[in-house]
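Please look through the sequence and the model shown here.

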Amino acid sequence: SQDLRALSTNVIRSLSTAQIAALTSDQMGQLTTAQVASLTSDAIRTLSTTDLNALGTAQFAALSTVQAANLTTSQILNLDSDDLRALSSANLRALSTDQIAALSSTQMSQLGSAQVASLTTAQIASLTSTDLNALDAGQMAALSSSQVAALSATPQIANLSTADLNALGTAQFAVLSTAQASGLTSDQIANLDSQDLRALSTNVIRSLSTAQIAALTSDQMGQLTTAQVASLTTDAIRTLSSTDLNAMGSAQFAALTTLQTSILTTTQMANLVSDDLRTLSSAQLLSLSTDQIGALSSDQMGQLSSRQVAWLTTAQIASLTSTGVMINVPGSLAPDISADGCAVLFETPLIDPGGIKVYLRDRCEGVTSRIDLSSTGEGSNGSAVQAFLSGGTARYVAFTSNANNLVAGDGNGDTDV
């Protein structure tokens, strides 16, 4: 060994492949790091697996990037864990995708976190699903954003274990593309932790299929950011169960766009809780169809604030079912009911602007109509009060009003009947 170690690097470099092949494994283990670094590419390819594994970690670490790039796939496949972990980041990056692909799953699991982080995006993209799943949480967490961005939707992302996915940080989740997100399985989505879920971009949330959205748990729905909620597609909104919708906080519900609220199903509407109902803005309420408003129960209508009731259109009010909803609306005044119980007359300032107005609710037909109208159908521009049904029927209604547009030539400024 002393004589061998005395040979200059020039001499070592000059040795033929036959001479290198004549060295025993014990002799290989005695070479200095400088001598190892002087071996030619042909000499490197000549080495048997036993010879390579006879090199110590210091010798293996001394390999140049050129030498590492010339290792055969057979040599790569048979490297032991000590030699693998001795490879520098530069040497790892010098390996071709074929060389990386030659590593077994066991070998992948033996790489250090820093080594995994040094792999090129092309090398990462070449890994099999089995190789990726062999990485532990520490190794997965070491992946850079660019490495994560290089993963394919299928089979790489689609086959990641829940533990591997949750090992990724928020910065890594934030770079997932819509194409990559399409590879997430329902089971993976259902097991995402809140931080990872909230890190997904609005584009990714918007791109999720209805099956993927349906996989979200109620707890996860409650963790979405307001921007993510606002990015849900109309199909995704219709997919949500009543439990999912009610899991949203008031800030999330307030973030729903008018397009999103306009496509809520009648079942979803009928199951909204008071906190969600009272969060609805004027724009959201006005986006609701008469069918959606009609799906609300009396109890739900009773949860709306007076301000919200005032935002409703007459068409929306008219759509309410004959369950006594309007009689329970706060701010309704001076009720009068017909002898047969079908017609209910009432006054309220909460439906149309400009003061108190008179309305007739036909409980038998399920229709609400405004009464203080001119012969041309124009609503009064003042208040209308003291309304009552004539003779206990709904055929005639009398009321007083200070409006000047109900009949022609009313310019005296007095209250008229």
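How many nonpolar, polar and charged residues are in the lining of the largest pocket? By class, that lining has eight nonpolar, three polar and two charged residues. Here Ala, Val, Leu, Ile, Met, Phe, Trp, Tyr, Cys and Pro count as nonpolar, Asp, Glu, Lys and Arg as charged, and the others, Gly among them, as polar. This is a predicted model, in which local features need pLDDT of at least 70 and side-chain atom pairs count only at pLDDT 80 or more, while totals for chains, interfaces and linings use all residues. Residues are numbered from 1 along each chain as its sequence is written, and side-chain values use heavy atoms, with hydrogens and water left out.

The largest pocket holds about 190 Å³ of space. Among the 13 residues that line it, F399, L406, V407, D416 and V417 are the closest to its centre. Pockets and cavities are found on a 1 Å grid over the protein atoms alone: a cavity is a set of points where a 1.4 Å probe fits but cannot get out, a pocket is an open set with protein on both sides within 12 Å along at least five of seven lines, and lining residues have an atom within 4 Å of a point. Grid points are joined across faces, edges and corners, and a volume is the space filled by probe spheres set on the points.

There are two cavities of 30 Å³ or more by this rule.

The next stop is a disulfide. The whole structure has one disulfide (a pair of cysteine sulfur atoms within 2.5 Å). C342 and C364 form it, with their sulfur atoms 1.6 Å apart. C342 lies in the loop between β1 (333-337) and β2 (343-348), and C364 in the loop between β3 (357-362) and β4 (367-370), so the pair ties together parts that are 22 residues apart in sequence. Helices (H or I, at least four residues) and strands (E, at least two) are DSSP runs, numbered from the N terminus. C342 is buried, because its relative accessibility is 18% and buried means under 20% relative accessible area, with exposed over 50% and partly exposed in between (1.4 Å probe, protein chains only).

Six of its six residues are buried, so β2 is largely enclosed by the rest of the structure. A343, L345 and E347 point one way from β2, and V344, F346 and T348 point the other way. β1 and β2 pair in the antiparallel sense over three bridges, where pairing requires that DSSP finds at least two bridges between two strands. In β2, L345 stands opposite D336. The two strands β1 and β2 form a hairpin with five residues between them, and G341 in the turn has a positive phi of about 80°. β2 also runs antiparallel to β3, joined by six bridges, and T348 has K357 in β3 as its bridge partner.

Q67 is in helix α9 (residues 65-69) and is buried, with a relative accessible area of 2%. Leaving aside residues up to four places away in sequence, Q67 touches V36, A37, S38, L39, I44 and A62, contact being heavy atoms within 4.5 Å.

T154 and P155 are joined by a cis peptide bond, with omega about 5°. P155 is in the loop between α19 (145-149) and α20 (162-167).

Q386, in strand β5 (residues 384-389), has a positive phi of about 55° although it is not a glycine. Q386 counts as exposed, at 55% relative accessibility.
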